[in-house]
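This report describes selected side-chain and strand features of one protein model. Please keep the sequence and the structure in view while reading.

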Amino acid sequence: MKPLVRNAALSSYVELSQSVGIDPRALMKRVGLDPVGLTAQDRWVSGDAVTRLLELSAAAARREDFGLLLAERRRFANLGPISLVLREEPDVRSALALLVRHERVYNEMLRSRLTETNGLATVRVGLELGEFHESRQAVELAVGTFIGFLREFLGPRWQPVSVCFTHAAPRDLTTHRRLLGPVVEFDREFTGVVLYAAELDTPNKLSDPLLRDYARQYFESLAVTTDTTELDRVRELIEVLLPTGRCSVEQVAGSLGVDRRTVHRHLATTGETFSGLVNATRTQLAEQLVANPRRSLTEISGLLGFSAPSAFSRWFREQFGTSARDWRTRHTAGAAPAAD
């Protein structure tokens, strides 16, 4: 299974990259992500691609604190619809428990757990990547985001008892201590945040009891049975996987946590087929991409998942009745008068 994350996981990535002197577009292209797609924060993208992007960015910028710097730019709303519910929870314990329990609605990679013992509370943080590769930056982004979440309720000056990582310490700890607190430990047996359990009883000053039930009802309406949203999820996954060249029903099924027969069966109940959805998605994307003269047809061929430009050319002529080059020329010519 290949876990997905919301585009919001890369909120402010472009701005941060530019501020540290690296090219976000080039790096995103290397892992099969599109900067333009970041404008749709609720779209799901490959968690593996996001993790690799963060590592490439840290290396390119020579900043071991890249993940933390991205966490610093996080906002409460980046969590998506669940943020509306969290704001109305009565205390920190309730809000944190809800965030942990519903982590898969905003990040399928994240595996967190809240425990309390001997007056201390520990939020253990881990990532389930689907395959092993370096994930230091993604881990530190997740931990930094949890710290930011707790400060929303406990105040901007709140400090944890300690923050622990299983990986080794960076050469420079300045950013880690500034953002995470004075006690940051490395090469520990777990990754997570330790705080006083009593702090979990802190009342949520943002909460309005009259709005709490409405917020929960709204959130639950967005998380109704997968039957109402699975078709859209399959479409989104197809769009995510096409540029990787690995858009298959097996890949989609793995990301959804089911087998290929389940995907086929569900699509059949809606009158759709997997190959039909792939073709429809390609057609929609092709119209958008070919209309942009700044993209080469070879680049578009790759973005649509074709193994060679010649295969894309044949497919395009079958779908549109003309070559991609001629279609682009007519489209551009037809649009020019409207721009005057």
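## Basis

The structure is a predicted model.

## Aromatic pairs

The model holds 14 aromatic pairs. In one of them, F306 and F312 are tilted, with 5.7 Å from centre to centre and 55° between the planes. F306 and F312 are both buried.

F312 also pairs with F316. Here the ring centres are 5.8 Å apart and the planes stand at 65°, so this pair counts as edge-to-face, the cut-off for that class being over 60 degrees. The two residues are four apart in helix α15 (residues 309-320), so about one helical turn separates F312 from F316. The relative accessible area of F312 is 2%, which makes this residue buried. F316 is likewise buried, at 1% relative accessibility.

Ring pairs join these residues into a cluster made up of F306, F312, W315, F316, F320 and W327.

## Charges over rings

F306, a member of that cluster, also lies under a charge: the charged end of R282 sits over the ring of F306, 4.1 Å from the ring centre.

## Strand β7 and its partners

Strand β7 spans residues 192-196 and is mostly covered, with four of its five residues buried. Strand β4 (residues 120-127) runs antiparallel to β7 and is joined to it by five bridges.

C164 stands opposite G192 in β7.

## The loop residue S11

Where does S11 lie? S11 belongs to the loop between β1 (4-6) and α1 (13-19). Its relative accessible area is 13%, so S11 counts as buried, the limit being under 20%.

The side chains of S11 and N78 are joined by a polar contact of 3.3 Å. Apart from neighbours within four places in sequence, S11 is in contact with Q41, L70, R74 and N78.

Notes
Residues numbered from 1 in each chain as written. Predicted model: local features only at pLDDT ≥ 70, side-chain atom pairs only at ≥ 80, totals over all residues. Heavy atoms only, no water. Phe/Tyr/Trp six-rings, centres within 6.5 Å; stacked < 30°, edge-to-face > 60°. Buried < 20%, exposed > 50% of the residue type's maximum accessible area, 1.4 Å probe, protein only. Lys NZ or Arg CZ within 6 Å of the ring centre and 35° of its normal. Pairing = 2+ DSSP bridges. Polar contact = N/O pair within 3.5 Å; in protein donor to acceptor, adjacent residues only side chain to side chain. Contact = heavy atoms within 4.5 Å.
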